[in-house]
Amino acid sequence: MKEGREKVLENLQVNNLWLKRGSHQIFSDFSIVFEAGKVTALLAASGSGKTSLLDCIAGLLQPDGGSIRGVGPVSYLFQEPRLLPWYSLKKNVMLPIESRFGKEAANQRSLGFLEAVELGEKADSLPGHCSGGQRQRCAIARAFAFPSTILLMDEAFQAQDIKLKLHLMELTEKLLEQEKRTALLVTHDVSEALALAHNVVVLAGSPLQVVGEFEGALKNLAMSQRYIRPEASLTRSREEILKLLCES
(Lines give C-alpha, C1' and ligand atoms only; values in the text may rest on other atoms or scores of the structure.)
Protein backbone atom coordinates (compact mmCIF):
# COMPACT_ATOMS: atom_id res chain seq x y z
CA MET A 1 0.00 0.00 0.00
CA LYS A 2 3.01 2.27 0.28
CA GLU A 3 3.90 4.49 -2.65
CA GLY A 4 7.00 3.93 -4.72
CA ARG A 5 9.21 6.36 -2.82
CA GLU A 6 9.49 6.94 0.89
CA LYS A 7 7.75 10.01 2.28
CA VAL A 8 10.01 12.75 3.58
CA LEU A 9 8.44 14.04 6.78
CA GLU A 10 9.26 17.40 8.32
CA ASN A 11 8.49 18.73 11.76
CA LEU A 12 5.18 20.60 11.69
CA GLN A 13 5.88 24.08 13.04
CA VAL A 14 3.26 26.58 14.18
CA ASN A 15 4.95 29.96 14.52
CA ASN A 16 3.50 33.02 16.27
CA LEU A 17 -0.11 32.08 15.44
CA TRP A 18 -2.84 34.67 15.93
CA LEU A 19 -6.50 33.69 15.61
CA LYS A 20 -9.66 35.46 16.70
CA ARG A 21 -13.23 34.23 16.27
CA GLY A 22 -15.74 36.99 16.92
CA SER A 23 -14.65 38.62 20.16
CA HIS A 24 -12.77 35.51 21.33
CA GLN A 25 -8.99 35.59 20.98
CA ILE A 26 -8.18 31.88 20.59
CA PHE A 27 -4.44 32.15 19.91
CA SER A 28 -2.08 35.03 20.51
CA ASP A 29 1.55 34.68 19.36
CA PHE A 30 1.21 30.90 19.81
CA SER A 31 4.06 28.61 18.75
CA ILE A 32 4.51 24.84 18.93
CA VAL A 33 6.46 22.13 17.07
CA PHE A 34 4.97 18.71 16.31
CA GLU A 35 7.64 16.06 15.80
CA ALA A 36 7.72 14.42 12.37
CA GLY A 37 6.40 10.87 12.25
CA LYS A 38 5.00 11.03 15.78
CA VAL A 39 1.48 11.19 17.23
CA THR A 40 0.82 14.25 19.37
CA ALA A 41 -2.39 14.44 21.41
CA LEU A 42 -3.94 17.80 22.24
CA LEU A 43 -6.07 18.14 25.37
CA ALA A 44 -7.98 21.26 26.38
CA ALA A 45 -11.41 22.37 27.57
CA SER A 46 -14.37 22.01 25.21
CA GLY A 47 -14.80 24.94 22.86
CA SER A 48 -11.38 26.38 23.63
CA GLY A 49 -10.01 26.16 20.08
CA LYS A 50 -8.35 22.78 19.57
CA THR A 51 -10.29 22.07 16.39
CA SER A 52 -9.56 25.59 15.15
CA LEU A 53 -5.85 24.76 15.33
CA LEU A 54 -6.41 21.62 13.23
CA ASP A 55 -8.45 23.65 10.74
CA CYS A 56 -5.63 26.19 10.41
CA ILE A 57 -3.16 23.38 9.72
CA ALA A 58 -5.53 21.84 7.16
CA GLY A 59 -5.98 25.20 5.43
CA LEU A 60 -9.70 25.29 6.22
CA LEU A 61 -9.30 28.35 8.42
CA GLN A 62 -7.09 31.34 7.72
CA PRO A 63 -5.28 32.63 10.83
CA ASP A 64 -4.97 36.34 11.46
CA GLY A 65 -1.21 36.13 11.70
CA GLY A 66 1.77 33.83 12.00
CA SER A 67 2.84 30.91 9.84
CA ILE A 68 2.60 27.12 9.72
CA ARG A 69 5.58 25.29 8.21
CA GLY A 70 6.12 21.67 7.28
CA VAL A 71 2.56 21.12 6.06
CA GLY A 72 2.27 18.64 3.21
CA PRO A 73 -0.90 16.92 2.01
CA VAL A 74 -3.41 16.51 4.87
CA SER A 75 -5.92 13.77 5.74
CA TYR A 76 -8.69 14.60 8.23
CA LEU A 77 -10.42 11.98 10.38
CA PHE A 78 -13.52 13.22 12.19
CA GLN A 79 -15.68 11.86 15.00
CA GLU A 80 -18.37 10.98 12.44
CA PRO A 81 -17.38 9.01 9.30
CA ARG A 82 -18.80 11.52 6.75
CA LEU A 83 -19.35 8.88 4.08
CA LEU A 84 -21.56 9.49 1.04
CA PRO A 85 -24.52 7.14 1.61
CA TRP A 86 -25.19 6.45 -2.09
CA TYR A 87 -21.67 5.14 -2.72
CA SER A 88 -20.17 1.83 -1.60
CA LEU A 89 -17.42 1.76 1.01
CA LYS A 90 -14.87 1.18 -1.76
CA LYS A 91 -16.13 4.14 -3.79
CA ASN A 92 -16.03 6.37 -0.70
CA VAL A 93 -12.37 5.50 -0.23
CA MET A 94 -11.64 5.94 -3.95
CA LEU A 95 -13.21 9.39 -4.34
CA PRO A 96 -10.33 11.50 -2.93
CA ILE A 97 -7.64 9.54 -4.79
CA GLU A 98 -9.07 8.58 -8.20
CA SER A 99 -7.87 11.74 -9.97
CA ARG A 100 -4.39 11.26 -8.49
CA PHE A 101 -3.87 7.55 -9.17
CA GLY A 102 -6.31 6.76 -11.98
CA LYS A 103 -9.34 4.51 -11.66
CA GLU A 104 -7.67 1.09 -11.66
CA ALA A 105 -4.83 2.02 -9.27
CA ALA A 106 -7.27 3.85 -6.99
CA ASN A 107 -9.52 0.79 -6.97
CA GLN A 108 -6.64 -1.47 -5.90
CA ARG A 109 -5.39 1.01 -3.33
CA SER A 110 -8.88 1.37 -1.84
CA LEU A 111 -9.30 -2.39 -1.59
CA GLY A 112 -5.90 -2.68 0.07
CA PHE A 113 -6.74 -0.22 2.79
CA LEU A 114 -10.21 -1.68 3.32
CA GLU A 115 -8.51 -5.05 3.82
CA ALA A 116 -6.14 -3.39 6.29
CA VAL A 117 -9.10 -2.26 8.43
CA GLU A 118 -10.81 -5.65 8.08
CA LEU A 119 -13.50 -4.50 5.65
CA GLY A 120 -12.48 -6.33 2.48
CA GLU A 121 -15.69 -8.36 2.44
CA LYS A 122 -17.80 -5.19 2.86
CA ALA A 123 -16.11 -3.20 0.06
CA ASP A 124 -19.23 -3.16 -2.15
CA SER A 125 -21.67 -2.48 0.69
CA LEU A 126 -23.42 0.85 1.16
CA PRO A 127 -22.69 2.72 4.42
CA GLY A 128 -26.31 2.30 5.50
CA HIS A 129 -25.84 -1.47 5.52
CA CYS A 130 -22.83 -1.24 7.85
CA SER A 131 -22.47 -0.73 11.58
CA GLY A 132 -21.16 2.49 13.08
CA GLY A 133 -17.83 0.87 13.79
CA GLN A 134 -17.54 -0.39 10.22
CA ARG A 135 -18.29 3.08 8.85
CA GLN A 136 -15.60 4.59 11.06
CA ARG A 137 -13.13 1.94 9.91
CA CYS A 138 -13.97 2.94 6.33
CA ALA A 139 -13.20 6.55 7.25
CA ILE A 140 -9.83 5.41 8.63
CA ALA A 141 -9.13 3.54 5.37
CA ARG A 142 -10.02 6.66 3.36
CA ALA A 143 -7.74 8.85 5.49
CA PHE A 144 -4.77 6.54 4.92
CA ALA A 145 -5.53 5.81 1.27
CA PHE A 146 -4.95 9.48 0.52
CA PRO A 147 -1.15 9.91 0.37
CA SER A 148 -0.83 12.59 3.02
CA THR A 149 2.05 13.42 5.30
CA ILE A 150 -0.21 14.90 8.01
CA LEU A 151 -3.11 13.05 9.67
CA LEU A 152 -5.50 15.16 11.74
CA MET A 153 -7.83 13.27 14.09
CA ASP A 154 -10.63 15.25 15.73
CA GLU A 155 -12.16 13.03 18.45
CA ALA A 156 -12.08 10.17 15.94
CA PHE A 157 -12.80 7.43 18.51
CA GLN A 158 -15.16 9.21 20.89
CA ALA A 159 -18.51 7.80 19.77
CA GLN A 160 -17.55 4.13 20.19
CA ASP A 161 -17.91 1.62 23.02
CA ILE A 162 -14.67 0.75 24.81
CA LYS A 163 -13.98 -2.53 22.97
CA LEU A 164 -14.50 -0.98 19.54
CA LYS A 165 -12.61 2.16 20.56
CA LEU A 166 -9.52 0.12 21.44
CA HIS A 167 -9.81 -1.84 18.18
CA LEU A 168 -9.99 1.38 16.13
CA MET A 169 -7.00 2.77 18.02
CA GLU A 170 -5.03 -0.43 17.31
CA LEU A 171 -5.85 -0.29 13.59
CA THR A 172 -4.91 3.37 13.40
CA GLU A 173 -1.61 2.80 15.19
CA LYS A 174 -0.75 -0.12 12.89
CA LEU A 175 -1.42 1.98 9.80
CA LEU A 176 0.57 4.90 11.20
CA GLU A 177 3.54 2.59 11.67
CA GLN A 178 3.19 1.23 8.13
CA GLU A 179 2.35 4.39 6.22
CA LYS A 180 4.27 7.06 8.17
CA ARG A 181 2.32 10.19 9.06
CA THR A 182 2.79 13.07 11.44
CA ALA A 183 -0.45 12.83 13.41
CA LEU A 184 -2.35 15.23 15.65
CA LEU A 185 -5.06 13.80 17.89
CA VAL A 186 -7.67 16.02 19.55
CA THR A 187 -9.48 14.19 22.33
CA HIS A 188 -11.12 14.65 25.74
CA ASP A 189 -10.10 11.15 26.82
CA VAL A 190 -6.85 11.36 28.80
CA SER A 191 -6.35 7.58 28.73
CA GLU A 192 -6.78 7.56 24.95
CA ALA A 193 -4.23 10.36 24.56
CA LEU A 194 -1.63 8.61 26.70
CA ALA A 195 -2.22 5.20 25.08
CA LEU A 196 -2.03 6.26 21.43
CA ALA A 197 0.19 9.35 21.36
CA HIS A 198 3.94 9.63 21.67
CA ASN A 199 3.50 13.08 23.20
CA VAL A 200 0.58 14.68 25.02
CA VAL A 201 0.17 18.47 25.11
CA VAL A 202 -2.24 20.20 27.50
CA LEU A 203 -3.55 23.60 26.43
CA ALA A 204 -5.34 26.07 28.68
CA GLY A 205 -6.10 29.74 29.12
CA SER A 206 -7.61 32.40 26.91
CA PRO A 207 -5.81 32.78 24.58
CA LEU A 208 -4.66 29.15 24.62
CA GLN A 209 -1.14 28.33 25.65
CA VAL A 210 0.79 25.16 26.47
CA VAL A 211 0.59 24.39 30.19
CA GLY A 212 1.92 20.83 30.21
CA GLU A 213 3.73 18.28 28.05
CA PHE A 214 3.90 14.52 28.76
CA GLU A 215 5.26 11.36 27.17
CA GLY A 216 2.82 8.68 26.05
CA ALA A 217 2.83 4.95 26.77
CA LEU A 218 5.47 2.43 25.79
CA LYS A 219 4.43 1.15 22.36
CA ASN A 220 5.53 -2.42 23.06
CA LEU A 221 2.57 -2.84 25.42
CA ALA A 222 -0.84 -3.94 24.19
CA MET A 223 -3.30 -1.11 23.56
CA SER A 224 -5.73 -2.47 26.17
CA GLN A 225 -2.99 -2.51 28.81
CA ARG A 226 -1.93 1.02 27.97
CA TYR A 227 -5.54 2.23 28.17
CA ILE A 228 -6.96 0.22 31.07
CA ARG A 229 -3.96 -0.71 33.22
CA PRO A 230 -1.15 1.72 32.36
CA GLU A 231 2.27 1.61 33.98
CA ALA A 232 2.84 3.70 37.09
CA SER A 233 4.47 6.61 35.24
CA LEU A 234 1.38 7.01 33.06
CA THR A 235 -0.89 6.91 36.08
CA ARG A 236 1.04 9.86 37.51
CA SER A 237 0.88 11.66 34.16
CA ARG A 238 -2.87 11.05 33.98
CA GLU A 239 -3.34 12.58 37.43
CA GLU A 240 -1.24 15.63 36.51
CA ILE A 241 -3.12 16.11 33.22
CA LEU A 242 -6.51 15.86 34.92
CA LYS A 243 -5.39 18.40 37.49
CA LEU A 244 -4.30 20.82 34.77
CA LEU A 245 -7.59 20.37 32.90
CA CYS A 246 -9.67 20.86 36.05
CA GLU A 247 -7.78 24.01 36.91
CA SER A 248 -8.08 25.52 33.43
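Predicted model: local features only at pLDDT ≥ 70, side-chain atom pairs only at ≥ 80, totals over all residues.
Biologist: How many aromatic pairs are found in the whole structure, and how is the pair of Phe 27 and Phe 30 classed?

Modeller: A search of the whole structure finds 3 aromatic pairs. In one of them, Phe 27 and Phe 30 have their ring centres 4.8 Å apart, with 40° between the planes. Since planes under 30 degrees apart count as stacked and those over 60 as edge-to-face, the angle for Phe 27 and Phe 30 makes this pair tilted.

Biologist: Is Phe 27 buried or exposed?

Modeller: Residues count as buried under 20% relative accessible area. Phe 27 has a relative accessibility of 0%, and therefore it counts as buried.

Biologist: How is the pair of Tyr 76 and Phe 78 classed, given the angle between the planes?

Modeller: The ring centres of Tyr 76 and Phe 78 are 4.3 Å apart. Their planes meet at 10°, so the pair is stacked.

Biologist: Which residue has its charged end over the ring of Phe 78?

Modeller: Phe 78 is buried, as is Tyr 76. Over the ring of Phe 78, at 3.7 Å from its centre, sits the charged end of Arg 82.

Biologist: Which residues touch the most other members of the largest nonpolar core?

Modeller: The largest nonpolar core has 51 residues, and apart from it lies another core of 25 residues, which includes Leu 54, Phe 78, Leu 184 and Leu 203. Within the largest core, the residues that touch the most other members are Met 153, Phe 157 and Val 200.

Biologist: In what order do the 6 strands of the open sheet lie, and which are the edge strands?

Modeller: The open sheet has mixed pairing, and its strands follow the order E5-E6-E7-E3-E8-E9. From one strand to the next, the twist averages 20°. Two strands pair on one side only, and these edge strands are E5 (74–77) and E9 (209–215).

Biologist: In which sense do strands E3 and E8 pair, and what is the bridge partner of Thr 40 in E8?

Modeller: Strand E3, residues 39–43, and strand E8, residues 199–204, are joined over 4 bridges in the parallel sense. In E8, the bridge partner of Thr 40 is Asn 199.

Biologist: What angle does the direction of helix H1 make with that of E6?

Modeller: Helix H1, residues 50–58, packs on the sheet, where it touches E3, E5, E6 (150–154) and E7 (182–186). Taken against the direction of E6, the direction of helix H1 makes an angle of about 155°.

Methods. Residues numbered from 1 in each chain as written. Heavy atoms only, no water. Phe/Tyr/Trp six-rings, centres within 6.5 Å; stacked < 30°, edge-to-face > 60°. Buried < 20%, exposed > 50% of the residue type's maximum accessible area, 1.4 Å probe, protein only. Lys NZ or Arg CZ within 6 Å of the ring centre and 35° of its normal. Core = buried A, V, L, I, M, F, W, Y, C linked by side-chain atoms within 4.5 Å. Pairing = 2+ DSSP bridges. Axes fitted to C-alpha atoms, helices over the stretch in contact; angles between N-to-C directions. Contact = heavy atoms within 4.5 Å.
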